Amino acid sequence: MPNTPLPTTHYPLPTADTEAFSIRAHAKVNIFLKITGHRNGYHTLLSRFMRVEKLYDTIRFVPAECDTLTIEGTPEVPRESNTIYRAWVALNEATGDLDLLDFFYHHKIVVEKRIPAQAGLGGGSSDAGAFLRLVHRVCDLKLSLDELAAVGARIGADVPFFVHDVPSANVSGFGEIVEPFDETPLDLEIFTPPVACDTAAVYRTFKERFLPHIAPEEFRGWERRSSRELLEEIADPRRLNDLYPAALLRCPDLEKYAGEGWFFSGSGSSFFRLRP
């Protein structure tokens, strides 16, 4: 789309608890995550993402007079590093200067965090994806779902999945290819140990130690199998998630939290299992 400013629009000021100005940003787990290659400085992958229905952040647009985009609820994250801020910047670039929309001069963004950070659950990416969906709805942006997902891809590889907002999907390429997978969502139990896994460091370790040994024929057809079948029949978290061995090298303390029947999500540090 041309980078032309959008016209200034006046929006009604809702009460703070108006449902239309609130959205849930759900966590995800990776039922499986296989690295398929490395191009242009980034890893390509094939993964099954599953939304975690009972674990989510909440994002609200709350009436307030603001001089600039204001985000509350994540004080430990500098504004320029916040995925919501980065999503706002990417949306500016895609649609025109949202500073000219007076909505964010009259509303602040309030985040209620429940998803832990550096845990492999996609908390930051989910916040960005949910923010894009909420802005799209509230400000009536003239973007298709695919265009909105493309904006999300500028922020991070996981964001397009959260923009599409489906319970389960096969995700491939650099994360930009999201294909919904028709299955009944699983009831999952999540455990996040007190170990922070740096995503970039885990991927670097994978590239250095494991990338030369990837074997795509070993997981051919997994994208057609149900998540329950994969967890019950393959069962080995090291086979299901290529990043798990790399995470164990970067964060050896993970080993003492790994229990039988538990699987590893993303670059960690969270484990998940089918709820007994």
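**Largest pocket**

Helix H5 (199-209) contributes 5 residues to the lining of the largest pocket, the largest share from any element. The structure is a predicted model. The space in this pocket amounts to about 1,400 Å³. Besides H5, the elements that give two or more residues to its lining are strand E1 (22-39), together with strand E2 (42-63), helix H1 (83-95) and H2; helix H2 spans 123-138.

In total, 48 residues line the largest pocket, and those nearest its centre are Thr83, Ser125, Gly156, Asp158 and Thr199. By class, the lining of the largest pocket comprises 20 nonpolar, 17 polar and 11 charged residues.

**Second largest pocket**

The second largest pocket holds about 270 Å³ of space. Its lining consists of 15 residues, with Lys34, His213, Ile214, Glu218 and Asp242 closest to the centre. At least two lining residues come from E1, and at least two from helix H7 (237-240). The lining of the second largest pocket divides into 8 nonpolar, 2 polar and 5 charged residues.

The model contains 2 cavities of 30 Å³ or more. The largest cavity has about 50 Å³ of space. The residues that line the largest cavity are Ala25, His26, Arg51, Ser126, Arg133, Phe161, Phe162, Asp165 and Val166. Strand E1, helix H2 and helix H4 (159-164) each give two or more residues to this lining.

In the lining of the largest cavity, 4 residues are nonpolar, 2 are polar and 3 are charged.

Note on methods
Residues are numbered from 1 along each chain as its sequence is written. This is a predicted model: local features need pLDDT of at least 70, side-chain atom pairs count only at pLDDT 80 or more; totals for chains, interfaces and linings use all residues. Side-chain values use heavy atoms; hydrogens and water are left out. On a 1 Å grid over the protein atoms alone, a cavity is a set of points where a 1.4 Å probe fits but cannot get out, and a pocket is an open set with protein on both sides within 12 Å along at least five of seven lines; lining residues have an atom within 4 Å of a point. Grid points are joined across faces, edges and corners, and a volume is the space filled by probe spheres set on the points. Helices (H or I, at least four residues) and strands (E, at least two) are DSSP runs, numbered from the N terminus. Ala, Val, Leu, Ile, Met, Phe, Trp, Tyr, Cys and Pro count as nonpolar, Asp, Glu, Lys and Arg as charged, and the others, Gly among them, as polar.
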